[in-house]
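Biologist: Could you show me the model, so that we can go through it slowly, one question at a time?

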Amino acid sequence: MPSPDGRTPTRLSGVPWLRWLRLPRQPLLRHLLFGAVAAVGFYLLTSSLSAFNNFRVGEIALYVIALAGLSLLTGTNGQISLGQGAFMAVGAYTLGVLTTHTHWPMAVDVLAAIVLSGALGVVVGIPATRLKGPYLAGMTLILALALPRIADKYTAFFGGDQGLTVNAPTPPGTIDPQRWLTWIQLAGAIIVLILLANLTRSRFGRSFRAVRDDEIAAGLAGIHVARTKVLAFTVAASCAGLAGAFLGLSIGVVNTGEFSLTLSIYLLAGMVLGGAGTLVGPWWGAIVIVFMPGWSNSIANSFSLGSAVAANLSLVIFGLVLIVVMMAVPMGIQGGVSWLVGRALSLVPGIGQPRGSRGPPDIATTPDITTGGG
Amino acid sequence: MSLFINLSLNGITNGMIFAAVALGLVFIWRATHIVNFGQGSMAMFTTYLAVTLLDRHLNYWLAFAAALVAGLIMGAVIETILIRPLRGKPALNPVIVTLGLFILLEGMAGSIFGIGNRSFPPAFSQAGLTFGHTKVAFSHFDVFILAAVVVLMLGTLALFRATSLGLRMRAAAFAPEVARLLGVRVGRILTLGWALAAVAGSLAGLLVAPTVSFSPNFMDLVLVYAFTAAVLGGLDSPVGALVGGLVTGLALSYVGGYLGSSLEPLGALAILMVVLSARPEGLFSRPEPRRV
């Protein structure tokens with residue numbers, strides 16, 4: 001439904017108070033504006049939190065980065081990956097190895113983590129271009145199981161069970177080190193989300209969606225299908241690499257125990273729960289991933305279910321999340337929220353959202369929410 | 001040389017187990033065009049049921065049979081509750097649901113049976129047989145593994161080739177609409193496909209368990225190796241599952257023996273990447289024509 005000036009309305013222009021704000025039409029400017037607002041908000045938030053809560057905010061930020069990449073890959077490009085945890089391991093180990101064996105600046109190490117995991121993303125993405133959903137899921141499942149074992153095999157280089165020690169970056173002046181790290185992680189998340197929001201609004205984003213919806217039609221329309229899929233895979237892997245490097249900085253040590261198959265499945269669950277193909281959904285998913293171990297412990301304790309249940313409740317809950325979300329609300333929390341907002345607005349007469357009995361969108365047809373930021 | 005022979009024997013035994021799980025994957029793929037990533041966890045769960053029954057001093061073969069029956073019921077129930085509502089949904093949805101099943105069952109098994117490692121008594125001696133003066137890595141239990149999987153394979157062959165039920169199953173997989181018009185209860189056939197797949201998986205679980213000290217994730221690697229085997233064989237061919245299983249078993253046994261067992265999953269990844277790059281439709285099935 002075209003808006004009065006003939007442009008296709010974005011979701012944003014459908015929300016009246018945002019239109020009233022006269023946001024910039026240029027996507028980059030708009031995303032930068034959201035990013036700036038989010039940065040100010042996070043500055044105020046982190047200044048008031050304790051060191052432990054700042055640690056958790058930083059963890060949420062790094063999972064947002066990994067989930068946003070996965071959300072782009074699955075929701076926007078239609079490829080599924082269980083390798084996101086493995087790519088996080090590559091990022092973390094790159095950082096660990098470089099900080100152990102070299103004295104380069106931290107920023108260079110983190111950059112190397114992004115580049116190396118992105119490069120591995122190309123290697124894995126190339127055979128993946130010929131694969132449909134279940135084949136790709138199976139191949140990345142093996143990747144998630146196989147990669148950590150390389151670190152177990154070459155213990156001298158990768159530190160074995162002990163892992164590699166990573167020192168947190170030194171803050172300038174009198175800033176609390178934990179707060180400084182959280183700021184770095186939040187800044188990383190905001191930058192990644194701005195970049196991804198622009199990417200999904202660009203020619204590449206349109207190619208991603210065209211390939212997701214119909215590969216043959218996309219190919220006939222002149223899109224290089226294989227290249228598009230490899231690009232999406234590479235972007236997702238790079239995001240995971242950055243997230244992995246940040247995870248290493250957060251916990252101060254890199255070992256294989258952090259990067260089990262479970263991590264990859266949790267990431268998939270977090271992405272599905274937040275809503276595939278959105279860039280706000282990853283925040284929901286990341287919050288659940290960071291807080292779930294604590295929640296399941298307190299649930300198990302308050303019902304005195306014993307230690308075996310406490311140790312396994314997260315697995316059960318994430319398994320249920322994957323199943324229930326897929327069967328009941330395939331568009332995830334964010335899809336559900338925006339659908340509800342849209343329905344509510346359409347009940348008010350004279351407001352932009354088109355009327356109609358449009359049902360909730362499905363995972364493969366979820367429209368992208370490119371509002372970026374926080 | 002004797003290392004090579006022992007690795008080959010070990011590879012054949014493992015390969016037969018992979019073939020059994022792969023056969024389950026093939027059943028489900030043929031019936032519903034879904035790869036069931038929960039196949040390994042389902043087998044793990046029934047194996048835990050069997051070991052719990054053994055703890056209560058039930059007869060060994062009764063516990064064995066109980067696990068197979070539990071697999072049959074579990075497969076049917078899961079198909080009815082989780083898979084049937086997904087029909088007609090995008091192909092990613094069942095993938096995600098079966099992955100959910102995968103960790104849900106592992107979490108449940110850990111909660112119910114504990115996360116500590118368990119051991120499962122073998123049905124027969126696991127001591128290597130002696131031929132002449134050389135002892136080889138092939139035991140009575142390995143003979144049992146081979147026999148059990150061969151019986152499973154022959155049973156499958158007989159079911160598909162010689163019974164009217166098998167004919168209906170093939171019809172339902174080949175052309176569900178036509179089969180339905182001709183009076184085949186396609187829905188029930190699909191449920192049966194899942195149930196039989198779960199039986200094949202349960203059998204594999206019971207055959208793997210005595211060879212490892214097992215915990216709720218002991219079938220993870222078996223599942224991905226079986227997936228490699230099934231893809232190698234083309235995902236919809238039972239013969240392909242058998243050949244794929246043997247090739248995967250042998251290749252991974254050599255990788256493990258000569259390069260180190262922690263590189264086995266990487267070997268499976270390499271096989272899968274090569275197969276999928278060179279011949280994505282597998283060795284035993286024809287490429288599907290692309291339809292616009």
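**Helix pairs and the chain contact**

Modeller: This is a predicted model, and one place to begin is the crossing of H13(A) and H14(A), which is right-handed.

Biologist: Which residues make the contact between H13(A) and H14(A)?

Modeller: From H14(A) come A:Gly281, A:Pro282, A:Trp283, A:Trp284, A:Gly285, A:Ala286, A:Val288 and A:Ile289. By class, this contact of H13(A) with H14(A) holds nine nonpolar and four polar residues, with no charged ones. The residues that H13(A) brings to the contact are A:Tyr266, A:Gly270, A:Met271, A:Leu273 and A:Gly274.

Biologist: How are H4(A) and H9(A) placed, roughly parallel or roughly perpendicular?

Modeller: Helix H4 (residues 51–76) and helix H9 (residues 177–201) of chain A have axes 8 Å apart and pack at an angle of about 20°. Their crossing is left-handed. Because angles under 35 degrees count in this way, H4(A) and H9(A) are roughly parallel.

Biologist: How many nonpolar residues are there in the contact of H4(A) with H9(A)?

Modeller: On the side of H4(A) the residues include A:Phe55, A:Leu62 and A:Ile65, and these belong to a contact with residues of H9(A), among them A:Leu181, A:Val192 and A:Leu196. The contact has eight polar residues and one charged residue, and its nonpolar residues number 15.

Biologist: What share of the residues in chain A is buried?

Modeller: Chain A has 16 helices and two strands. Of its contacts with a separation of 6 or more, 79% are between residues 24 or more positions apart. Among the 374 residues of chain A, the buried share is 52%.

Biologist: Which helix gives the largest share of the side of chain B that touches chain A?

Modeller: The contact takes 42 residues from chain A and 43 residues from chain B. On the side of chain B, the elements that give two or more residues are helix H4 (92–113), helix H9 (220–233) and helix H11 (264–278). The largest share, 15 residues, comes from H4(B).

Biologist: What ipTM does the predictor give the complex?

Modeller: For chain B the mean pLDDT is 89, and 97% of its residues reach 70 or more. For the complex, the predictor gives a pTM of 0.87 and an ipTM of 0.89.

Note on methods: Residues numbered from 1 in each chain as written. Chains lettered and ligands numbered in written order. Predicted model: local features only at pLDDT ≥ 70, side-chain atom pairs only at ≥ 80, totals over all residues. Helix = DSSP H or I, 4+ residues; strand = E, 2+ residues; numbered from the N terminus. Buried ≥ 20, exposed ≤ 12 C-beta atoms within 10 Å, placed from the backbone. Contact = placed C-beta atoms within 7 Å. pLDDT = per-residue confidence, 0-100. Left-handed = near helix turned anticlockwise from the far one by under 90°. Nonpolar A, V, L, I, M, F, W, Y, C, P; charged D, E, K, R; others polar. Axes fitted to C-alpha atoms, helices over the stretch in contact; angles between N-to-C directions. Parallel < 35°, antiparallel > 145°, perpendicular 65-115°, else oblique.
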